[in-house]
Structures are given as C-alpha cells and as structure tokens.
Amino acid sequence: MAQAFGFDQDELRMLLVAVRQMRRTFAAARKSAPEPQPAVDAYARLYDELYAKLLEMAGPLPAAIEDVLEK
C-alpha cells in the first residue's frame, strides 16, 4: 500500500522512526507537565493514530526494524 502513495519501504521505515520520535516527545511533555494539557494530549493522539496507520501500511517488518521501533 505504501507504494500507492509513492513511498518505498525505506522511506516508510524512516517515517515510522520519525513519528515514533514525535510520540516520545509528546510522552515526555505529558509526563513533565504540572497539569493536564489538552492540546498536547490531542496532538499525541494524532501521532499515535498516524503511527498505527504507517505500521499497517508497512506490512510485516523485519525483526531488526521492529526492535528499533519498540525502543
């Protein structure tokens, strides 16, 4: 499916890594916030949904890539 959008597998993997990093950034912001931040929570959900869609588009990934994405 990724090829239908013009991405090759390497580009899709790079997108997964970039989105994973953004998810970590939002997780850190949520953790350190003194009070709930609805805007941060909303963006974090958007990145979580995007990550899930990209994983679905990528299809089965080699174990080495999955290990990197889980860290």
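**Exercise 1. Determine the secondary structure content of the protein chain.**

Solution. The chain holds three helices and zero strands, where helices (H or I, at least four residues) and strands (E, at least two) are DSSP runs, numbered from the N terminus. Read from the N terminus, the order is α-α-α. The model is predicted: local features need pLDDT of at least 70, side-chain atom pairs count only at pLDDT 80 or more, and totals for chains, interfaces and linings use all residues. Residues are numbered from 1 along each chain as its sequence is written, and side-chain values use heavy atoms, with hydrogens and water left out.

**Exercise 2. Describe how helix H1 and helix H2 pack.**

Solution. Step one: H1 (residues 9-32) and H2 (residues 38-58) meet at an angle of about 155°, their axes 9 Å apart; axes are lines fitted to C-alpha atoms, for helices over the stretch in contact, and angles run from 0 to 180 degrees between N-to-C directions. Step two: H1 is therefore roughly antiparallel to H2, a term for angles over 145 degrees.

**Exercise 3. Identify the residues of the largest nonpolar core.**

Solution. Such a core is a set of buried (under 20% relative accessible area, 1.4 Å probe, protein chains only) Ala, Val, Leu, Ile, Met, Phe, Trp, Tyr and Cys residues joined through side-chain atoms within 4.5 Å. Seven residues qualify: Leu 12, Leu 16, Val 19, Tyr 51, Leu 54, Met 57 and Ala 58.

Technical notes
Parallel < 35°, antiparallel > 145°, perpendicular 65-115°, else oblique. Buried < 20%, exposed > 50% of the residue type's maximum accessible area, 1.4 Å probe, protein only.
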